[in-house]
Amino acid sequence: MAVMVHDMPEDERPRERLIKDGVDALSDAELLAILLRTGTKEESVLDLAQQVLAMYDGRGLIGVMEMAPSELAAIKGIGLAKAASIVAAVELGRRIATKASRKNTHISSPKDVAIYAMPHFRYELREHFAVMMLNMKNGVIAMPDISIGSLSASVVHPREVFRAATRYAAASIILLHNHPSGDPHPSFEDLEVTKRIIKAGHVMDIPVLDHVILGDNSFVSLKEEGKGGF
């Protein structure tokens, strides 16, 4: 028989522990349980939270972040209202992380590029190809998506890249895209498209400074590796 939260000692309940000990003291399941607020007749809210985290091959919070509201709402004990609360909390966290990473908009290394761009790509399930637009002082003007592809490939043409670069009046650009597999090492296609865009950059007089590929908390700079025409 499940132990319900209201049957637990008060100082062991997730909400009370958060207030007393701080958020760092709580597990992922306990934090999710606070958002869910109630369980079902058969299982406690903690059991329900653990069930949600165990879905999608045990990917935990990452799996929850990738779930659509309708998927969450279909789980017994959640419904539309709780699903909306979870999705809203996830989106708030994503926006906070994105804004925090973009306080420093001066780019001086591939690591700066990765720190700036990682929150934008981290939880995407498809390849996104973006271009970081820089001014004369290597400050970030914008970072628009140019192409969104399949699970394993995005298709991008130099024409689309430099149409965006001229629209933003970029002095130089940095190419970047994510690998949903988590492995940032370049494919043959990555290297070939980089070479084509670099050549077009020479014609347009808009230098391509680097192509940074983002993986799971990792990245590869083609310029640092001397690949793709750099």
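Predicted model: local features only at pLDDT ≥ 70, side-chain atom pairs only at ≥ 80, totals over all residues.
Local features need pLDDT of at least 70 and side-chain atom pairs count only at pLDDT 80 or more, while totals for chains, interfaces and linings use all residues. Residues are numbered from 1 along each chain as its sequence is written, and side-chain values use heavy atoms, with hydrogens and water left out.

**Overview. The protein has eleven helices and six strands.** Helices (H or I, at least four residues) and strands (E, at least two) are DSSP runs, numbered from the N terminus. Of the 230 residues, 41% are buried. Buried means under 20% relative accessible area, exposed over 50%, and partly exposed in between (1.4 Å probe, protein chains only). Take the contacts between residues at least 6 apart in sequence: 58% of them join residues at least 24 apart. Contact means heavy atoms within 4.5 Å.

**View 1. Arg-17 sits in helix α1, residues 14-21.** Its relative accessible area is 18%, so Arg-17 is buried. A polar atom of the Arg-17 side chain lies 2.9 Å from the backbone oxygen of Ala-25.

**View 2. Helix α9 packs with helix α10.** Helix α9 spans residues 158-167, and helix α10 spans residues 188-204. Their axes are 9 Å apart, at an angle of about 45 degrees. That makes α9 oblique to α10. Axes are lines fitted to C-alpha atoms, for helices over the stretch in contact, and angles run from 0 to 180 degrees between N-to-C directions. Angles under 35 degrees count as roughly parallel, over 145 as roughly antiparallel, 65 to 115 as roughly perpendicular, and the rest as oblique. From α9, the contact takes Pro-158, Val-161, Phe-162 and Thr-166; from α10, it takes Arg-196, Ile-197, Ala-200, Gly-201 and Met-204. The contact residues divide into six nonpolar, two polar and one charged. Here Ala, Val, Leu, Ile, Met, Phe, Trp, Tyr, Cys and Pro count as nonpolar, Asp, Glu, Lys and Arg as charged, and the others, Gly among them, as polar.

**View 3. Asp-205 has a positive phi, near 60 degrees.** Most residues other than glycine have a negative phi. Asp-205 is in the loop between α10 and β5 (208-214). With 65% relative accessibility, Asp-205 counts as exposed.

**View 4. Asn-217 also has a positive phi, about 55 degrees, and is not a glycine.** Its place is the loop between β5 and β6 (219-221). Asn-217 is exposed, because its relative accessible area is 57%.

Technical notes:
Polar contact = N/O pair within 3.5 Å; in protein donor to acceptor, adjacent residues only side chain to side chain.
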